[in-house]
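Student: I'd like to go through this one with you and ask where the labels come from. Could you show it to me?

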Amino acid sequence: MDAFETNWLKALEERFGEIDAIVEVQANDNQPEIKVIYFEHLPEEGTLTAVTCGLSQASHPDWEEGSKPELIVSLDTNDKNWGFAAGFFASAFFNEKRFSYGDIFQIDDPISDESEMCAYLVFAPSFLNQDEATFELPDRTIHLKGLYPLYESEIDVYDQIGLEKFWHSDEFDMYDVKRKPVTG
């Protein structure tokens with residue numbers, strides 16, 4: 001484990017408590033390995049939270065000097081595939097995508113057997129304010145970026161109505177992996 005990983009895991013444990021599991025994800029042989037750290041029952045009973053470890057090793061011209069993202073997904077589930085997908089996207093688009101609010105990442109198949117959702121929308125973390133989502137490490141500042149699962153049909157709806165209307169739709173529940181699709 002390198003110095004960054006040691007510092008990142010320590011910072012996460014200090015903020016979120018004991019780590020329940022760590023898995024490694026690599027999108028393909030040409031992409032870097034990303035670790036996914038799982039916290040069960042965070043922020044509350046029945047919610048699984050996963051945080052990436054490694055995306056902040058990437059470089060992107062749109063990122064502020066010394067400020068890098070890692071991804072966080074929190075859902076009412078015990079299926080670790082939701083977190084695995086976050087690691088997959090971090091690996092697949094390492095050095096390529098900004099991972100900025102409003103970005104969408106999609107795969108061909110459902111992320112989990114629990115739902116037909118096959119994409120993630122990037123936005124602010126669900127249960128953290130800006131200060132809580134910011135981590136000062138010795139060599140960089142990390143800002144957690146939240147991921148929210150979407151159905152394929154919702155991508156067009158999102159593009160048409162925009163983030164604010166989509167987010168405040170009665171059908172959208174950021175923690176529910178079995179919710180109905182937002183139709184506009």
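Tutor: Let's take the labels one at a time.

Tutor: First, a word on the source: this is a predicted model, where local features need pLDDT of at least 70, side-chain atom pairs count only at pLDDT 80 or more, and totals for chains, interfaces and linings use all residues. Residues are numbered from 1 along each chain as its sequence is written, and side-chain values use heavy atoms, with hydrogens and water left out.

Student: Why is the pair of F89 and Y120 called edge-to-face?

Tutor: Rings of Phe, Tyr and Trp (its six-membered ring) pair if their centres lie within 6.5 Å; planes under 30 degrees apart count as stacked, over 60 as edge-to-face and the rest as tilted. The centres of F89 and Y120 are 6.2 Å apart and the planes stand at 80 degrees, so edge-to-face it is. A search of the whole structure finds 16 aromatic pairs.

Student: What parts does that pair tie together?

Tutor: F89 lies in helix α2 (residues 81-92) and Y120 in strand β6 (residues 119-123), so the pair ties together parts that are 31 residues apart in sequence.

Student: Is T77 buried or exposed, and how do you know?

Tutor: Buried means under 20% relative accessible area, exposed over 50%, partly exposed in between (1.4 Å probe, protein chains only). T77 has 10%, so T77 is buried. F89 and Y120 are buried too.

Student: What makes the link between T77 and E114 a polar contact?

Tutor: A polar contact is a pair of N or O atoms within 3.5 Å; within protein, one must be able to donate a hydrogen and the other to accept it, and residues adjacent in sequence count only if both atoms are side-chain atoms. The side chains of T77 and E114 make theirs at 2.7 Å. The T77 side chain also reaches the backbone nitrogen of D79, at 2.9 Å.

Student: Which charge sits over the ring of Y38?

Tutor: That's the charged end of K80, 5.5 Å from the ring centre. The rule asks for NZ of Lys or CZ of Arg within 6 Å of the ring centre and within 35 degrees of the ring normal. R140 lies over the face of F4, at 4.1 Å from the ring centre.

Notes. Helices (H or I, at least four residues) and strands (E, at least two) are DSSP runs, numbered from the N terminus.
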